[in-house]
Amino acid sequence: MVTIFVGMMAYVVYFMQFRAGTVIANSRNARQNSFAEVVERGDIITSDGIVIATSSTDSEGNTSRSYPYGSMFAHLVGYDSYGKSGLELQANFYLLRSHINIFERVYRELKEEKNRGDNIITTVNYSLQEAAYNALGGCKGAVIVMEPDTGKILAMVSKPDFDPNDIDNVWAYLHSDEGKDSTILLNRATQGLYAPGSTFKVVTLLEYIKENPYDYDLYEYDCSGSEIYAGVNIHCYDSTAHGHESLADSLAYSCNSSFANIGMGLDFGEFNKTTRALLFNSELPYEGEYNQSDFVIDENSESYAMPQTAIGQGDTRITPLHNLMIVSAIANGGTLMKPYLIDSIENDDGARIKKYSGKSYGNLMTAEEAQILSDYMKGVCDYGTAARYFNGASYDVAGKTGTAEYDNEGNCNSWFIGFSNPDNPDICISVVVEDSNTNGLSASAVAKSVFDTYYNMQ
Amino acid sequence: MVNIICEISKYLIIFFMILYTVKCFTILSVNDEQSRRKKLNKQIVYVFIIHFLCYLTLYLRMGSYKLLVFYGVQIFVAIFYMVVFHTIYKDSSRLLTNNTAFLLLIGYIILTRLDFDLAVKQFIFATVGMVITSFIPFIMNKWRNLRKYGVFYGVIGLLFLITVWVPGLGKEVYGSRNWISIHGFTLQPMEFVKIIFVMFVASMLVKANSFGDLVLNAMISAAYMGVLVLEKDLGAAVIFYVTYVFMVYLATSRPVFLIGGMGIGVLGVIGGYVLFKDSLFRHVMVRVEAWKNPFAHIDGGGYQVSQSLFAMGTGGYVGSGLAMGKADTIPVSESDFIFSAICEELGVLFGLALILVIISIFLSFVNIAMKSRKAFYKYIAFGYAAIYVVQSFLNLGGVTKFIPSTGVTLPLVSYGVSSVLSTLIIFSVIQGVCVISNKEAAKNEKEKERIRAIKEQYQSGNPY
């Protein structure tokens, strides 16, 4: 009996030494907020040193939070009243801990002043965030940018947005009749579920390569602009007839007829397995708020579901974050690095408390498959659907465009996923622009401005 | 200024707690009467200091004059008890009275911080309980044939246990039907039945001289387990079962009963799980799931354990200081989860020391049991030691996520009238056993002395 008690005490010590740190950082630990009585919430700073959230305390000890760049970082940083969101939620624990030196701590304790909390250095780059924010302009949509070999998120924009400095009015608006259906608080980059449109052809292509590893490049197709598969009529964009094409051409020209044809030849059960390996219908390795993607085809599905699904219409839904993960794995030799937003934690004097580094989630596909997809996606930007945006750029791009119809009246969202410098990828991006048919903004154009900014910075 | 006094008190409280704990163990191994008394007196001083610093902090943080009055009454009663009990019963264990008073005081401190009225209620019932149970050693001395009523104890206990099913009397709490309520006054029959149960098993074992007696004993005991399982009070069933197995092993000193008993227990749990996981053991399953990953079930069954771990982790080794944490937000922090509240505000170091104090109490129980020459008293002391240690383990293990939580109280520290009264009875019975065996030892000593004297006279060749 005594031995069991000693075991229990050893367990308590083990918990305190090795587990407590992670446990108490859980955003559901309400105790974090009681730290706010003695600690002034720390700053949130971009990787290039720009303060995007800060606190000030007045003479009566009331702390107020301000966001110097307002809505530009709205969803990324989040808000700290009426609940919490974004980094304010995810990093709450660290912002409310103070690792200030002991002398200053005692001095402030005696004066009954609050200690300065630790600062969060994010992975986000101010210039890229600004470029993405401006490129999206007044359109609804999302942009998310990441380093494929580390998982560092460099920019994350969602529109429509809000001004976190003005959260009182935002909240009042959301609870008014006029604003009750508003989605301005939704972070479309991680929570917005969209039909993937033609960007999903990358997944269909991957499955085709998996099922035909030796002769996939012998594929040929004659496109007449439209075709009927399993009773479903599939049109190419504007009913353009692409003529005789190879597999590479089918992707480059984003040929719907050809991909529906490919889809009909796939094993439904295997296709489902591949999408599961790509994290559809599952949790994503991401610490912030997000939604899971949907993919509905499995070995029991009827064949009429396939033509639409193979070209990214149908019932498939994906978030820009998840599409980014897939494309980043292609860029990184098949390995997905976990996307992360917190680079390091520093105390108020700038001394480093904790440093985060890239962690691998594992392989979503083999290195060979990633290389093939990368080569084909380069064709999209060299001579295919995205060529008119990237021809003449000082850098190479591998990518995939998409136009996803979301109703029967021709309204559609524009997609772009891709990465620059395919030989040794620098950054990858996922962009969605809502209602591109009416606002005339293409996701590829948004991606182009972000890439331009990135290479101008170098 | 207030901050600094409270911060310093926080560290001093842990320091004196550690000193107190060390004394608990060193006293057990000291035989010299003089140094023993010195150590026991020192313990009382430590109790006084710890209690004083805690109430000082509480007063500074909460600023109510009621606290000062309550403090005064508490420390008076505690010291009065520690001194007077031993004056009346010269042969009682002073270590045990010290620990009894100390555990109660820790309970009062945390309860005052959580809910002043609850603390006062606990104090009143515990004080009345201390007065009443003080007569137990006296009664045990008078009536020396308590061992003879085995079956009677068995039946009375069983009848009392099933009162929870009497319509209008019993009620269900947290998925277990183990409370009765009389005119708004609630108690848990199990808390008192466990006392009778040990007396029943002890007296059956004393007169057991055939295998048939053991079987009869086992069957009635099995009926207890059955009732507890039907009440869905699995924590209590475990306490009764382990106690029973330990007592049988002690009486027969055959390892086969210990190993076999534990084996049957494990099989019973597995069998119960397989057969009734969707009906009888449903709420047990919820607790096991919550134990495996409390954070995944934080909005359901894992809520309590998550909050408990948040509390301990955030408080850290030295704690947040009394009234500076959020111990009041831990679910049922006044009873089942009081240990998390203690860890959060007084520190995990204090909590670890408290676990050691509890172990030392168990060891002192076993010590008293082993010294007793009368089988019946030996068995009941041993049975109560088992009850105390198993219940403490279920409670502490549950709140620290070492084992799934079973919803039992931490004896004397947790709020609960039934729990405090029954523990006080148990402690007093142990004192009674201690008094009886010490008296007997003294008598034997005298007897030996007399015989030696006669022998010497005889050998000197001049008997008269």
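## Exercises on a two-chain model

Of the 464 residues of chain B, 49% count as buried. Keep in mind as you work that this is a predicted model.

**Exercise 1.** Find out how the radius of gyration of chain B relates to what the globule rule gives for 464 residues.

*Solution.* Start with the make-up of the chain: chain B contains 17 helices and 3 strands. Next, take its radius of gyration, 23 Å, which is close to the 23 Å from the globule rule, so chain B is as compact as a globular protein of that length. Along the principal axes, its C-alpha atoms fill a box of roughly 85 × 60 × 40 Å. Finally, look at the contacts in chain B with a separation of 6 or more: 69% of them join residues 24 or more positions apart.

**Exercise 2.** Work out how helix 3 of chain B is oriented relative to helix 5 of chain B.

*Solution.* First, helix 3 (residues 65-88) and helix 5 (residues 116-133) of chain B pack at an angle of about 20°, their axes 12 Å apart. Angles under 35 degrees count as roughly parallel, so helix 3 of chain B is roughly parallel to helix 5 of chain B. The crossing of the two is left-handed.

**Exercise 3.** Describe the side of chain A that touches chain B.

*Solution.* Begin with the counts: 19 residues of chain A are in contact with 22 residues of chain B. Helix 1 (2-24) and helix 2 (31-35) of chain A each supply at least two residues of that side of chain A. Helix 1 gives the largest share, 11 residues. Sorted by class, the residues on this side of chain A are 13 nonpolar, 3 polar and 3 charged.

Notes
Residues numbered from 1 in each chain as written. Chains lettered and ligands numbered in written order. Predicted model: local features only at pLDDT ≥ 70, side-chain atom pairs only at ≥ 80, totals over all residues. Contact = placed C-beta atoms within 7 Å. Helix = DSSP H or I, 4+ residues; strand = E, 2+ residues; numbered from the N terminus. Nonpolar A, V, L, I, M, F, W, Y, C, P; charged D, E, K, R; others polar. Axes fitted to C-alpha atoms, helices over the stretch in contact; angles between N-to-C directions. Parallel < 35°, antiparallel > 145°, perpendicular 65-115°, else oblique. Left-handed = near helix turned anticlockwise from the far one by under 90°. Rg over C-alpha atoms; globule rule 2.2 N^0.38 Å. Buried ≥ 20, exposed ≤ 12 C-beta atoms within 10 Å, placed from the backbone.
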